[in-house]
Amino acid sequence: DYFLGVKRVNNNIVTVGLKGTKVWNLQGQIIDSFNLTNKSGYNINFSADNLIVSADNGNLKIFDKNQRQLINQVSFLVNEDHNRKTFIDTAEKKIYLVDDGSLKKLDYSGQQQNIFKHISNRGYDVDGLIGQNHLYFTDGKGIVKFSKSDLKPMKWAYTTDLGETNGWAMGLKVLRDNIGEKIVIFNNSAILVLDQNLKMISHISVTL
């Protein structure tokens, strides 16, 4: 095998390789595997229940871990092949994806529940915290905080010149401390940390 990605899921390690997706315990033993590949391990998302979601080359594959089979495959708009993180809401049994034209809300079977067209021709990550009424997505130009009920924006911030110039908001991770949510954005020219009102707390210059 040739590994392309690694991540921690619950108390296990998951690797994504050319010969499938493998689940390892912390002693380095393979305890499960799935016939599911993706050229970017970043684009495979494990839920805490029974789903694996894989976004690859304009197709969203929804895989049931218990049935060990593909449930559905949904096409989405791709203007550029890049890293793209989905969000699986296990509390409401919904999947959120932002493609290069719109934000989409799907149920676990892959049926579209709602759609919101954003202002960019790129879409990257959706992230947030289970149990909240909102999530966030990045579209290169910035970040949008949106309502899960109707996908409408609640707040947004342009981040191209936030912290550093010529930024392009891509990677997204939402965390929480005892004060509230913290939003971490890889902005191509910097790593930004924002509060839940999308006001910048800190940044550090980083380029790749």
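Biologist: Over how many bridges do strands β14 and β15 pair in the antiparallel sense?
Modeller: This is a predicted model, in which local features need pLDDT of at least 70 and side-chain atom pairs pLDDT 80 or more, while totals for chains, interfaces and linings use all residues. Residues are numbered from 1 along each chain as its sequence is written, and side-chain values use heavy atoms, without hydrogens or water. Strands are DSSP E runs of at least two residues, numbered from the N terminus, and two of them pair if DSSP finds at least two bridges between them. For β14 (residues 134-138) and β15 (residues 142-147), the number of bridges is five.

Biologist: Which residue in β15 is the bridge partner of Tyr136?
Modeller: β14 and β15 are antiparallel partners. Within β15, Tyr136 is bridged to Lys145.

Biologist: Which strands stand at the edges of the open sheet of β13 to β16?
Modeller: The four strands are ordered β13-β14-β15-β16, with antiparallel pairing. An edge strand here has a single partner, so one side of it is left without a neighbour in the sheet. The strands in that position are β13 (126-127) and β16 (153-158).

Biologist: What is the volume of the largest pocket?
Modeller: On a 1 Å grid over the protein atoms alone, a pocket is an open set of points with protein on both sides within 12 Å along at least five of seven lines, and lining residues have an atom within 4 Å of a point. Its lining has 21 residues, with Asn45, Phe46, Phe87, Asp127 and Lys173 nearest the centre. Probe spheres set on the points, which are joined across faces, edges and corners, fill the volume. For this pocket it is about 560 Å³.

Biologist: How many residues in the lining of the largest cavity are charged?
Modeller: A cavity is a set of points where a 1.4 Å probe fits but cannot get out, and the structure holds one of 30 Å³ or more. Among its lining residues are Asp56, Phe76, Asp81, His82 and Arg84. Asp, Glu, Lys and Arg count as charged. Beside three nonpolar and four polar residues, the charged ones number three.
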